[in-house]
Amino acid sequence: MRTDVGTDRRGLQVTNLVKHFPVKRGLPWSRPDTYVRAVDDISFDVKPHETVSLVGESGCGKTTTAKLVLRLEDPTSGRISFGGKDINMSRGADLRDYRASVQAVFQDPGSSMNPRMRAKDIISEPLFINQGMPRRQREERASELLEAVGLERSLRDDYPHEFSGGMRQRLAVARALSLSPSLIVLDEPVSALDVSIRAQIMNLLKDLQERLGVAYLLVAHDLATVRYLSHRLIVMYLGEIVEAGPAEVVFTNPLHPYTQALISAALPARPGEESAGVILSGDLPSPTNPPPGCRFHTRCPVAFDRCREEKPALRELTPGQKAACHLY
């Protein structure tokens with residue numbers, strides 16, 4: 001059974017990425033009154049074969065970052081490169097190659113599937129659009145991919161509404177694999193599923209990565225999912241990266257007060273473990289007018305005067321682990 005991913009193992013590089021959304025209160029053609037700073041000068045990479053996770057509260061910029069990587073939004077400034085090529089400058093064949101190499105699996109697979117298409121057509125449609133593959137070959141490839149994600153070949157003639165939630169997510173994964181991508185963006189891939197089904201999908205994603213070598217950019221709020229799947233972790237707050245490093249290192253030794261609060265708010269990883277009990281006060285500040293200095297200082301339990309005046313740099317504090325905090 002052919003379930004290979006393409007041999008091109010190119011990584012993703014994000015450099016000084018910025019996305020500001022204009023806010024207009026007057027006429028549609030008037031100049032913006034202000035901007036929502038959804039993503040504000042972030043840099044990271046995703047190496048071949050690894051999983052990098054973006055975590056943070058709603059409004060931190062992680063989903064916007066994923067949309068920028070998928071070219072569903074255009075950046076205000078900065079660079080996203082794949083295989084050394086700037087994807088926002090790509091046109092024609094280069095753009096088609098990028099779209100084939102970088103696929104996505106979303107939170108609600110049902111909303112991204114045509115209810116009038118059979119499973120085999122949902123999976124094989126990208127093969128016709130991108131490669132012009134003959135129908136017989138497309139249907140055989142669809143059957144192979146159904147088996148690769150743990151579904152029976154006999155289901156290839158069924159419609160999406162005939163699948164359970166977990167089966168639809170497997171179908172979405174099969175579709176994402178159809179063009180043999182190097183990178184898959186996972187946007188909350190298990191949050192809409194029952195707990196027992198979540199574990200099955202997470203194990204499937206891990207197994208596929210081990211067998212096929214595909215890389216994942218995971219956007220999620222469930223830290224248990226993130227810890228299980230991730231090699232590296234990026235913590236975002238109000239459009240900026242406040243901490244980044246190997247996932248297990250960050251989970252066991254979080255440096256930034258915001259990361260400590262996020263992890264302490266999650267359920268313990270093992271029975272009997274006690275949480276650090278870090279409690280944040282206040283709400284997330286407005287992304288249209290972020291606080292000066294460290295953006296987290298308005299909620300930080302250990303902030304001092306320097307935090308209110310000077311923006312901390314993201315620096316390497318332990319091997320491979322970076323944090324943007326004046327405490328260090």
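Predicted model: local features only at pLDDT ≥ 70, side-chain atom pairs only at ≥ 80, totals over all residues.
In which hand, right-handed or left-handed, does H5 pass H6 in their crossing?

1. Two packed helices are described by the angle between their axes and the distance between the axes.

2. To take up the opening question, H5 passes H6 in a right-handed crossing. Helix H5 covers residues 165-177 and helix H6 covers residues 195-212, and their axes, which come within 10 Å, cross at roughly 20°. Because angles under 35 degrees count as roughly parallel, H5 is described as roughly parallel to H6.

3. On the side of H5, this contact is made by Gly-166, Gln-169, Arg-170, Val-173 and Leu-177, while H6 contributes Ile-197, Gln-200, Ile-201, Leu-204, Leu-205, Leu-208 and Leu-212. Sorted by class, the contact of H5 with H6 has eight nonpolar residues, three polar residues and one charged residue.

4. Helix H5 also meets helix H3, residues 119-131, and here the axes come within 7 Å and cross at roughly 30°. H3 and H5 are therefore roughly parallel to each other, and their crossing is right-handed.

5. The contact between H3 and H5 is made by Ala-119, Ile-122, Ile-123 and Pro-126 of H3, together with Leu-171, Ala-174 and Arg-175 of H5. Divided by class, the residues of this contact are six nonpolar, no polar and one charged.

Definitions and conventions: Residues numbered from 1 in each chain as written. Heavy atoms only, no water. Axes fitted to C-alpha atoms, helices over the stretch in contact; angles between N-to-C directions. Helix = DSSP H or I, 4+ residues; strand = E, 2+ residues; numbered from the N terminus. Parallel < 35°, antiparallel > 145°, perpendicular 65-115°, else oblique. Left-handed = near helix turned anticlockwise from the far one by under 90°. Contact = heavy atoms within 4.5 Å. Nonpolar A, V, L, I, M, F, W, Y, C, P; charged D, E, K, R; others polar.
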